[in-house]
Amino acid sequence: MNKILPITTPIIDCYPDMANMFSVLNCYDLPKKWILNNFIQIVYRRDEKNSFGSFLDLMRTGNDITIYQHCPYLDVNLMDKSFERNIFGDIFQFIQFCLKNNYYIQMYINKKYISAAEDINFDFMHEVFVYGIDQDNSIIYLSDFYRGKYKRILCPFEEFENAYLNSFKDNVYYRSAIYFDYPHMVKYNMDKIILFKYVAHELYDSDYSRVRRQICDYIECKNSQNDIENSYIASGYRFYYGLDFYDQLILDIKEREFDIRKPYVLLSHKRILRLVIKEMENVGNISQDNEKMLQLKLDALILSFEKIYRRYVKISLKREVKEKEVIDLCNYYAKLKELDWMFMKDVVDIL
């Protein structure tokens, strides 16, 4: 059987779940209403060892298992890997069954056995997204991060099977420091297989009051819903919202703690605002003239973010970072914070 499910370039690819989800949602128009109601607020999370930046609406709040469950246009199922072993006994028969029923597949595999990873020479578990199979040529269609970029690859059956079979708990990886030192949240679904498919319906509608509240929360650096703080997974963490994201990023830069995902969240936030603002005009929240004006301002803002992001990445790759480079980078992000505030204030004034 040969079967390839539809995907496209995702509008957000900060993290695997987001990239996988948007590579599906961006194939359709209906989810734009849901995107409008979300992805306006961002959050920076800290504990004693780690810091992490993301979109607030796609953070787990405790009872949800995956971010896919947040989306009303996805039918989501979760199963243990042992079920696949006991019921199918062959990973490729399982993949064929899922794809035949239009389910995309996400699971952890051991990237040590995937040649496209190139520089991976140790056991490393990571989410992989399966969207197609070519039985005639023994190829699996995958999306994943390779050398820091979200890419699509064609993976030979043999490589995928080895990567999958070496991802179970009897692998030495699960007793290594890289496993125990990593934030516990990431390990939540390592034994699971996530299945989801797109479901079209007209049941969802945008919420003007929610959109405006989220933009105001972004400017005022707060989370009015308190959905994260009230969750049991918030224990031990401090949360910083909206424009406060910049201050926390600057703190990490001063400590020379570089993580390209955090400034990339800021850049992605501006990119998805293009879609959000266009949808505001589509549903009548703003006029066509105001939409065009905001898009012009946003395009200029994105150019500035892209320029500073490239500088951040270049500095993060250096073995030795000069003090002046750190100071300049901090000043750049402080200036971007000011520009961001001005833009979001314009949006609120128009709403």
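Cys221 is found in the loop that runs between helix 7 (208–220) and strand 10 (238–241). In this predicted model, Cys221 has a phi near 60°, a positive value in a residue other than glycine. Most residues other than glycine have a negative phi. With a relative accessibility of 22%, Cys221 counts as partly exposed, because buried residues lie under 20%.

Ser138 is another residue with a positive phi, about 55°, although it is not a glycine. Ser138 sits in the loop between strand 6 (125–134) and strand 7 (139–146). Its relative accessible area is 33%, so Ser138 is partly exposed.

The interior comes next. In soluble globular proteins, nonpolar side chains tend to be buried together. Here the largest nonpolar core has 104 residues, and the members that touch the most others are Met21, Phe39, Ile95, Phe160, Ile215 and Tyr333. Helix 9 gives this core its largest share, 10 residues. Leaving aside residues up to four places away in sequence, Phe160 touches several residues, among them Ile91, Phe92, Ile95, Met107 and Cys155. A second, separate core has eight residues, including Met59, Ile228, Tyr237 and Tyr241.

Helix 9 (residues 261–282) also packs against a neighbour: its axis comes within 10 Å of that of helix 8 (residues 244–254), and the two cross at roughly 150°. Helix 8 is therefore roughly antiparallel to helix 9. Their crossing is left-handed. On the side of helix 8, the contact is made by Phe245, Tyr246, Leu249 and Asp252, and on the side of helix 9 by Lys262, Pro263, Val265, Leu266 and Lys270. Six of these contact residues are nonpolar, none is polar and three are charged.

Definitions and conventions
Residues are numbered from 1 along each chain as its sequence is written. This is a predicted model: local features need pLDDT of at least 70, side-chain atom pairs count only at pLDDT 80 or more; totals for chains, interfaces and linings use all residues. Side-chain values use heavy atoms; hydrogens and water are left out. Axes are lines fitted to C-alpha atoms, for helices over the stretch in contact, and angles run from 0 to 180 degrees between N-to-C directions. Helices (H or I, at least four residues) and strands (E, at least two) are DSSP runs, numbered from the N terminus. Angles under 35 degrees count as roughly parallel, over 145 as roughly antiparallel, 65 to 115 as roughly perpendicular and the rest as oblique. A crossing is left-handed if the near helix is turned anticlockwise from the far one by less than a right angle, and right-handed if clockwise. Contact means heavy atoms within 4.5 Å. Ala, Val, Leu, Ile, Met, Phe, Trp, Tyr, Cys and Pro count as nonpolar, Asp, Glu, Lys and Arg as charged, and the others, Gly among them, as polar. A nonpolar core is a set of buried Ala, Val, Leu, Ile, Met, Phe, Trp, Tyr and Cys residues joined through side-chain atoms within 4.5 Å. Buried means under 20% relative accessible area, exposed over 50%, partly exposed in between (1.4 Å probe, protein chains only).
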